[in-house]
Amino acid sequence: DAGVIQSPRHEVTEMGQEVTLRCKPISGHNSLFWYRQTMMRGLELLIYFNNNVPIDDSGMPEDRFSAKMPNASFSTLKIQPSEPRDSAVYFCASRQGLETQYFGPGTRLLVL
Amino acid sequence: SQQGEEDPQALSIQEGENATMNCSYKTSINNLQWYRQNSGRGLVHLILIRSNEREKHSGRLRVTLDTSKKSSSLLITASRAADTASYFCATDQGGNTGKLIFGQGTTLQVKP
């Protein structure tokens, strides 16, 4: 199994630009999570999906952030417009059942 | 606010020594999980302990859980340089969501 796949691994963009992060969960997993990690705030849950349906998006910072899961094998996290304070490492994780989450390698985002 | 608080924030030991990390949390939980993160990488699940369990072992790892004190500890015995990483506890508050709340982590350095 290839594990959770995220792309791109690194993204550098300018303030105001749209950023799209992508995630392919492990095949057969029915839950998908988006996290953001920064030195100041640690690891924060942004949103999670169960069977492709968003269950809890209370961690999404503001309307500039949106996430979709059009099918069981793909999800996107979009930031529009991006701001320097969005610079962080964004992780996607997936899970089958209610216990262990498997994390992807992360996307390191830098907004200039 | 973070549910889990790790202690210490940083730990430096010699290879062969044991490393103990602690985690405290605030609300009742369904289970508590420990993850490891190597620098620049995603999180890797280490061990899960349920609320009705008191101790669990996995190789050189030993986890304890004291629900009366709302605390857990992770012991790594006979540490190796490869154990150098950040270690996070994460609490699942139940409700059949599997939503995890992560602590700020303990950075462990094992010197060869």
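## A charged pair in chain A

A:Arg85 is exposed, with 54% relative accessible area (exposed means over 50%, buried under 20%, partly exposed in between, with a 1.4 Å probe and protein chains only). This is a predicted model: local features need pLDDT of at least 70, side-chain atom pairs count only at pLDDT 80 or more, and totals for chains, interfaces and linings use all residues, while side-chain values rest on heavy atoms, without hydrogens or water. Residues count from 1 along each chain as its sequence is written, and chains are lettered from A and ligands numbered from 1, in the order written.

The side chain of A:Arg85 meets that of A:Glu62 in a salt bridge, 3.2 Å from N to O (a side-chain nitrogen of Lys or Arg within 4 Å of a carboxyl oxygen of Asp or Glu). The pair links distant parts of the chain, 23 residues apart. A:Glu62 sits in the loop between strand 6 (53-56) and strand 7 (65-71) of chain A. A:Arg85 sits in the loop between strand 8 (74-79) and strand 9 (88-95) of chain A. Strands here are DSSP runs of E, at least two residues long, and helices are runs of H or I, at least four; both are numbered from the N terminus. A:Glu62 is partly exposed, at 26% relative accessible area.

## More salt bridges

Side chains of opposite charge can pair when their charged atoms come close. Over all chains, the structure holds 11 salt bridges. One of them joins A:Glu44 and A:Arg41, at 2.7 Å from N to O. A:Glu44 counts as buried, at 14% relative accessibility.

Chain B has a bridge between B:Lys56 and B:Glu53, with 3.8 Å from N to O. B:Lys56 is partly exposed, at 24%. B:Glu53 is partly exposed too, at 22%. Back in chain A, salt bridges with shared partners tie A:Glu62, A:Arg64, A:Glu83, A:Arg85 and A:Asp86 into one network.

## A buried arginine

A:Arg36 lies in strand 4 (residues 31-38) of chain A. Is this residue buried or exposed? A:Arg36 counts as buried, at 10% relative accessibility.

Which residues does A:Arg36 contact, leaving aside its neighbours within four places in sequence? They are A:Gly42, A:Leu43, A:Glu44, A:Leu46, A:Pro61, A:Phe65, A:Asp86, A:Ala88, A:Val89 and A:Tyr90 (contact means heavy atoms within 4.5 Å).

## Aromatic rings

Rings of Phe, Tyr and Trp (its six-membered ring) pair if their centres lie within 6.5 Å; planes under 30 degrees apart are stacked, over 60 edge-to-face, and the rest tilted. By this rule there are eight aromatic pairs over all chains. A:Phe103 and B:Tyr35 are edge-to-face, because their planes stand at 75° with the centres 5.6 Å apart. A:Phe103 is in strand 10 (residues 102-103) of chain A and B:Tyr35 in strand 4 (residues 31-37) of chain B, so this pair joins two chains. A:Phe103 is buried, at 11%. B:Tyr35 is buried, at 0%.

B:Tyr35 also pairs with B:Phe102. That pair is tilted, with 5.4 Å centre to centre and 55° between the planes. It links distant parts of the chain, 67 residues apart: B:Tyr35 in strand 4 and B:Phe102 in strand 10 (residues 100-102) of chain B. B:Phe102 is buried, at 1% relative accessible area. One aromatic cluster takes in A:Phe33, A:Tyr35, A:Tyr48, A:Phe91, A:Phe103, B:Tyr35 and B:Phe102.

## Where the chains meet

Chain A gives 22 residues to the contact, and chain B gives 20 residues. About 1,600 Å² is buried between the two chains, and carbon and sulfur atoms give 47% of it (buried area is the accessible area, 1.4 Å probe, that two parts lose on being put together, summed over both). A:Leu43, A:Leu98 and A:Glu99 supply 31% of the area that chain A buries against chain B, more than any other three residues.

How many salt bridges are there between chain A and chain B? The count is zero. Two residue pairs are in polar contact between the chains, both at pLDDT 80 or more (N or O atoms within 3.5 Å; within protein, one must be able to donate a hydrogen and the other to accept it, and residues adjacent in sequence count only if both atoms are side-chain atoms). On the side of chain A that touches chain B, strand 4, strand 5 (42-50) and strand 9 of chain A each give two or more residues. Strand 5 gives the most, with four residues. This side of chain A divides into 10 nonpolar, six polar and six charged residues (Ala, Val, Leu, Ile, Met, Phe, Trp, Tyr, Cys and Pro are nonpolar; Asp, Glu, Lys and Arg are charged; the others, Gly among them, are polar).
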